[in-house]
Amino acid sequence: MGGLLRIKGFLPFIYILFLNAFVDLGHKIIIQNTIFKIHDGQTQIVLTAIVNGLILLPFILLFSPAGFLSDRFAKPRVMRLAAAAVVALTLVITLCYYMGWYHLAFAMTFLLAVQSAVYSPAKYGYIKELVGKDRLGQANAVVQTVTILAILAGIFVYSILFEGFLKGMSYANEHELLPLIAPIGWVLVASAVVEFLFTWKLVATKPGDASRRFEPAEYVSGRYLRSNLGAIRADTVIWLSIVGLSVFWGISQVVLASFPALAKELLAEDNTVVIQGILACSGIGIALGSLLAGRASRHHIETGVIPLGAIGIVVSLILIPQLDSVAMQILAFLLIGTAGGLFIVPLNALIQFHAREGRLGTVLAGNNWVQNVTMLTFLGITVLFAYKGVDSVGLFYLLTVIGVIGAGYTLYKLPQSLIRFVTARLFAGQYRVQVLGFDNIPGQGAVLMLGNHISWLDWAMISIASP
């Protein structure tokens, strides 16, 4: 971590990531808490799923334009313009709160997500430009941790403010509730302004290929989509990493949409601070798992923690619908988050490592597209099952089946990574492995790695060092 902080521009970048996630989550939390206060049961599940769907949809629709912008223009410039848009959007959202315009405020989640869809490939592509290849694993762990800390801060800050402004107040519907919590909007605005100011501290990077042009006709016809998806699927490592991330975040969306109803049924809990606090424990877990994955990935990418994370996710999904106390649910969500952090950090690093120069923005936008299509599909299935009368416990059992299939496939595809990780831990007591020159390994194409035969353990050392 200390080495990363010495890189010029890394600290402002971290501040921007924190504030961006803090603002994006804030409005979503307010709308979800409003739904929680007004509605119950299946209606609550459906409306929560729709909110999450509105957030996911722009990542699907803007796959090609977002990737083009990130590859064509300097990434700090893209982030700066997106941050300026957030300032304007939060001002409109605050007006909606004061006026009680619930439906417009509900729809503003979509516009905030449009900004995020453009922002995302630029900010994740900037990581590689800022820190280089050899620190990708560690940098992704820090980025994931900071993002989760921002989400946790947002969950607690906005939920506590939400409950505080409503204390002792009466309201009959959403339109009466929103003006009561309207001052929270100024927290969104202030955070967005500070984020925009920090974008001017980013280290400038060179723009992409100036000859590239975006053709609207190609976009509307779907040819861009087919071409970009074809390029992503051509690299097996990138494609399987994207699939793994997509399934994890798809499961997470269903958990977020269905757990509040599960908490009402199993825990008899209706305080949004408690509900959001339990969900926030998964974020604490992801931060912890990300740090552990980053520690295991110093100067290289440790893929051995991926199957460990997959197994931990399945165990957590089995436990959650069985537990009827807040304390035990907290432990279960800590476990699923920690396992998730171990799972996603090396996958994100692998995608960035293997992406070709000049195509990283398109690859990352494609990653967003596949993930969000998957998440939207999972949410659509959630809405369908809720309409058919399946309760929240049944949804968790369905998730468990999906998790078992996913974990089984992970172990099938990465047995060597798990064995290598265990081998590395066995040798760790006798040997201190230091990986040098990791950035010399090409992300694309073949490479011949030769041990110098100082010992019979060359095979193990080379395997430990390389992803």
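Ala113 lies in helix H6, which covers residues 102–131; helices (H or I, at least four residues) and strands (E, at least two) are DSSP runs numbered from the N terminus. With a relative accessible area of 4%, Ala113 is buried. Buried here means under 20% relative accessible area, exposed means over 50%, and partly exposed lies in between, with a 1.4 Å probe and protein chains only. Leaving aside neighbours within four places in sequence, Ala113 is in contact with Leu54, Ile55, Pro58 and Phe59, where contact means heavy atoms within 4.5 Å. Leu54 is 59 residues from Ala113 in sequence, and the two C-alpha atoms are 7.6 Å apart in space.

The model is predicted: local features need pLDDT of at least 70 and side-chain atom pairs count only at pLDDT 80 or more, while totals for chains, interfaces and linings use all residues. Residues are numbered from 1 along each chain as its sequence is written, and side-chain values use heavy atoms, with hydrogens and water left out.

Helix H6 also holds Lys123. Lys123 is buried, with a relative accessible area of 12%. Its contacts, leaving aside neighbours within four places in sequence, are Phe13, Leu17, Asn20 and Met79. The C-alpha atoms of Lys123 and Pro76 are separated by 7.9 Å, although these residues are 47 apart along the chain.

**Overall architecture**

The secondary structure of the protein comes to 19 helices and 0 strands. For 467 residues, a compact globule would have a radius of gyration near 23 Å, and the 22 Å of the protein agrees with this. That radius is taken over C-alpha atoms, and the globule rule is 2.2 Å times the number of residues to the power 0.38. Along the principal axes, the C-alpha atoms fill a box of roughly 75 × 55 × 45 Å. Of the 467 residues, 55% count as buried. Among contacts with a separation of 6 or more, 86% come from residues 24 or more positions apart.

The protein exposes about 19700 Å², of which carbon and sulfur atoms supply 67%; accessible areas come from the Shrake-Rupley method with a 1.4 Å probe, and for residues only the protein chains shown count as cover. The mean positions of the 30 positive and 22 negative charges are 10 Å apart. Lys and Arg count as positive and Asp and Glu as negative, without His and the chain ends; each charge is placed at NZ of Lys, CZ of Arg, CG of Asp or CD of Glu.

**Helix spans**

The expected span of a helix is 1.5 Å times one less than its number of residues. The table sets this value beside the distance between the end C-alpha atoms.

| Helix | Residues | Length | Expected span | End-to-end distance |
|---|---|---|---|---|
| H2 | 10–38 | 29 residues | 42 Å | 43 Å |

Helix H2 is mostly covered, with 24 of its 29 residues buried. In H15, 22 of the 29 residues are buried, so this helix is largely enclosed by the rest of the structure. Just after H5, Gly100 takes a positive phi of about 75°.

**Further residues in helices**

Gln329 is found in helix H15. At 1% relative accessibility, Gln329 counts as buried. Leaving aside neighbours within four places in sequence, Gln329 is in contact with Phe259, Leu267, Ile278, Ile320 and Leu323.

Val187 has its place in helix H9, residues 184–198. This residue is partly exposed, with a relative accessible area of 28%. Beyond its neighbours within four places in sequence, Val187 is in contact with Phe22, Tyr158 and Leu161. Between Val187 and Asn348 there are 31 Å in space, C-alpha to C-alpha, and the two are 161 residues apart in sequence.

Thr377 belongs to helix H16, residues 360–387. A relative accessible area of 42% makes Thr377 partly exposed. Thr377 and Tyr219 are 158 residues apart in sequence, and their C-alpha atoms are 22 Å apart in space.
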